[in-house]
Amino acid sequence: MLNISQLLDTIKAQPYREIEITTPHTGVLTFATVALGDQVQGPQGQWKEKRGTLLATLERERNPKPICSLEKGEICALHTELEGKFVEANTPIATIRHMLTREEVEHIILKKTLYLFRAPERAKYYFTPEVDKKIHAQDQHSVKVRDGMELFIMSRMKREVHLPYTGPQGLIYTVYFKYNENIDAEAPLIGVCTQEQLPAIEEVIMRIKTEWTGR
Amino acid sequence: MEKHTPNEAEAPKTPKLSLGDHKVLVANRGEIAMRIMRACNNLNIPFAAVYTREDNQSGHGDLARQLGGDNCLYRVSSYHDANEIMSVADAAGCTAVHPGYGFFAEDFRFARRVTKRDRSMIFIGPSWKIIRELGDKINTKRLARSLGVPTVPGSDRPIYDEAEAERIAKSLFSFQEQQGVTHPLVLVKASAGGGGMGIEEVYDPDQFRSVYRRIRNYALRQFKDEGVLIEQRIKDFNHLEVQIVSDRTGRHPVHFGTRNCSIQSTGRQKRIEVAPGFAPDTLEYSFDAARVLTDIVDYSLTMATKVGYDNVGTWEWIVTRSGEPFLMEVNTRIQVENGVSACISHVAGRGCVDLISEQIRLGLGEELGYTQAEIATEGVGLEYRIIAEDPANNFTPWVGTIERFHWQDAPWLTMLTHVPTDRSYEIPTEFDPNLALAIIWGKNLEEAKARGLTFLQSIELTGKNTAGCELKSNIDFLKANTEHLLRF
C-alpha cells in the first residue's frame, strides 16, 4: 500500500498546475475585462452548471462562443496581442495558475492506488453494449471485471475490435475515458480495485478529505 | 425525379467571375488536398487550405505553403466542422469550396449552406439538390428502376425496425432459393455508411438477427444513425464504375470511360483500380465484356441526363459472372481513383486530362467546351493504393512512424502522397493510414502490369510503431494481385 502521508506532503510542496487556455476553434477573438494577475473562478454549482470567469469571446459564423476559465486560479499569461484578430484553432490565449483541489488530489492518489488498465493503442474506446447498459442502469462500481472478460470495443479508423480486460479481478472504481474521444496509448482507461481493497481505498479518500485544505 | 436546372437555382448573387478572380478553399487533407492545390495552381486560381493539429506534419501543409504562401494555410479544430470551413473561407476571402472526397463531399446540407449563406460561395461539386437525390441510395435505386436500369434486389429505404428487417431478409433468402442459388446470402449494411465500412454478410437466416443488431449498433456509434439496408448479396462479381463529367447546364454529360475496382480488401475497400474496366481485346470473358461496358456507360449517361447532373460523378456497378450489370450507387463527388481514367484520356485540341482541374473549371461555371466524340482513350491505367495495413490480419490498419519512404521515379508513373520523404512521419490515428496512390500507364494491360510490378519492387518503406514492431503495408498484396487484373 502507498504511503499516503508522504504522497500528500509531496503534492503539498507543489500544489499548483498551470492550465493553458486555447481557442477551441477558429474565429475573431475579443478579450473580456481581465488582466494579468486577476483571480478567476472555474465552473461552479452542483453540476458545474455555472461557467467560470469569462476570459474572452470567440466569434465564428456570427456565433459568439464564450471562453471561460476552466479552473479557479490566477491569470499568469494573457495574449492580448490577439485582441480583435482572426485566430486559428488551438491558439493559446491565457494561462491560469491553479491550486489543486481535493478532487484532483484524490484523482492523483487513486491513480497510484488502483490497478490501471491502460489503452494499448491510441484509439477510441467504448464499453461493450452489455457493460455499457449496466453502467448506465447502475454505476461503474456495479461492474465486476475479471481477467479475459470482454470489456471494451477499441475503434480506430472506423475498424472495431474487442479488447478483453487483463488484470486482477475487482470492481471498476474509476472510468478515465470519454466516448468518441481519442485516447493515447498507455493512458488509463479504468481504475480497478479488488473487493478487499475497497475499505482501504475509502480510507484514502477520507484522509484526503480531512487533510487537504486546497480549496 | 425532376430535372434540375442548376444554373438558375444555384447562381451566386455576385456577378460571374473569371477563373482567376476566384479563390478556392481546399476543405480536405492529404493527397486529395494536394491534387486540388496543384489543379488550382495550374488554372491560376488562388486557394486557401486547412489542417488540424493531428495533421501538422502532413505534406499537404508543406505544399500549401509552397504554392500559396504561409498565409494560405489555416489550422482548424476539425475537418468535419462546417463552421470551421465557412469561418476560414470568409477569413481568407474564398469564393468557392472544394470538398475533395470524404468529409463534406457528399453532404447536401453542407453544399446547400455554401451556396445559400449571406456570403454565398460556389460548391465545387454537383448542386446540392442532385447530391440530395442521388446521395440517397434509395432514391437512386428508385430512379434507376424507373429508367429501366437494373439494380440489386433488396430494401428500398433504411430499415429501423427489427421485425421488418427480418421479414425482408426472409423474403430475400426465399427469392434466391427460388432462383436456384445454392448458397443464398443477404447483405446487411449501415445505410449511412460508405467506403465498405459497416457491411456484413448473413449465410444463415437464423444468424440474421444477431448480425442485424451488430450492424445497427455499429452504425449508431460510427454514423449516429442506426438505419440499415438489406440486400441480396451477389457473390462472384466485378466492381466497375463509369466516370461522368458535365458542366453546370447539366445538358450534355460526357463520360471518361470505365474503371474496374474489383481488387479490394476483405472489408470491400478498393486497393487497385484499372481503366478501362475490362480488356475484351486481350482477355477472354464468359460474356460479351465490350457490350457490358457500353451498357453501363449508356445507363449511367441516361441517368445523368435525366437528373441534369452538373459536375463530376461516378456510377458504381456490380457485374456478375454471367455479365449482368446492377447499379450499386452514384458517388456525387470526385473519386480517389479519378486519376486512372484521366491518365488514359485525351481531349482533342486540349491534350491530357486532369479531372480535378475539369471539376474546378466546370464547377466555377465554365462550359465543357468539347463533346464525347472529342474524347479519346489510349492504353491502360492502373492505380495502386499503398496503405499501412496488414492484409494477412484482416487488413488491420498499422499505426506508427514511417522512417523511410522511397521509390524509383519513371515517366509512366505519377505518385501522389502526403507522406513527407525528407523526414519521419507519424501516421495520425484519426484517419485511414493511406500513404500514397501510384498511377501507372502502359500501352496495354501487359505493359501496365509489368511497369506496376517494377514500381512496387522499387519501393522502400520502413517504420516502427510504439511497441517497436516493423511497419506493415499492403505492397505484397498489391504485387500478388497485379497478375489477376481484369481477369474474371
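Predicted model: local features only at pLDDT ≥ 70, side-chain atom pairs only at ≥ 80, totals over all residues.
A crossing of two helices counts as left-handed if the near helix is turned anticlockwise from the far one by less than a right angle, and as right-handed if clockwise.

Quick housekeeping. Residues are numbered from 1 along each chain as its sequence is written, and chains are lettered from A and ligands numbered from 1 in the order in which they are written.

Okay, chain B, helices H2 and H3. H2(B) is residues 30–42, H3(B) is residues 59–68, and their axes come within 8 Å and cross at roughly 15°. Axes here are lines fitted to C-alpha atoms, for helices over the stretch in contact, and angles run from 0 to 180 degrees between N-to-C directions. Angles under 35 degrees count as roughly parallel, over 145 as roughly antiparallel, 65 to 115 as roughly perpendicular and the rest as oblique. So H2(B) and H3(B) are roughly parallel, and H2(B) passes H3(B) in a left-handed crossing.

Who touches whom? H2(B) brings B:Gly30, B:Ala33, B:Met34, B:Met37 and B:Asn41, and H3(B) answers with B:Gly59, B:His60, B:Leu63, B:Ala64 and B:Leu67. Contact means C-beta atoms, placed from the backbone, within 7 Å. By class that is six nonpolar, four polar and no charged residues. For the classes, Ala, Val, Leu, Ile, Met, Phe, Trp, Tyr, Cys and Pro are nonpolar, Asp, Glu, Lys and Arg charged, and the others, Gly among them, polar.

Now the other pair. H5(B), residues 108–116, packs on H6(B), residues 128–135, at about 175° with the axes 8 Å apart, which makes the two roughly antiparallel. B:Phe108, B:Ala111, B:Arg112 and B:Thr115 of H5(B) meet B:Trp128, B:Ile131, B:Arg132 and B:Gly135 of H6(B). The tally there is four nonpolar, two polar and two charged.

Over to chain A, with four helices and 16 strands; helices are DSSP runs (H or I, at least four residues), strands likewise (E, at least two), numbered from the N terminus. The C-alpha trace of chain A spans about 55 × 45 × 30 Å along its principal axes.

Last, where the chains meet: 22 residues from chain A, 26 from chain B. On the chain A side, strands E10 (123–127) and E13 (159–164) are the elements giving two or more residues. That side has eight nonpolar, five polar and nine charged residues.

Notes: Contact = placed C-beta atoms within 7 Å.
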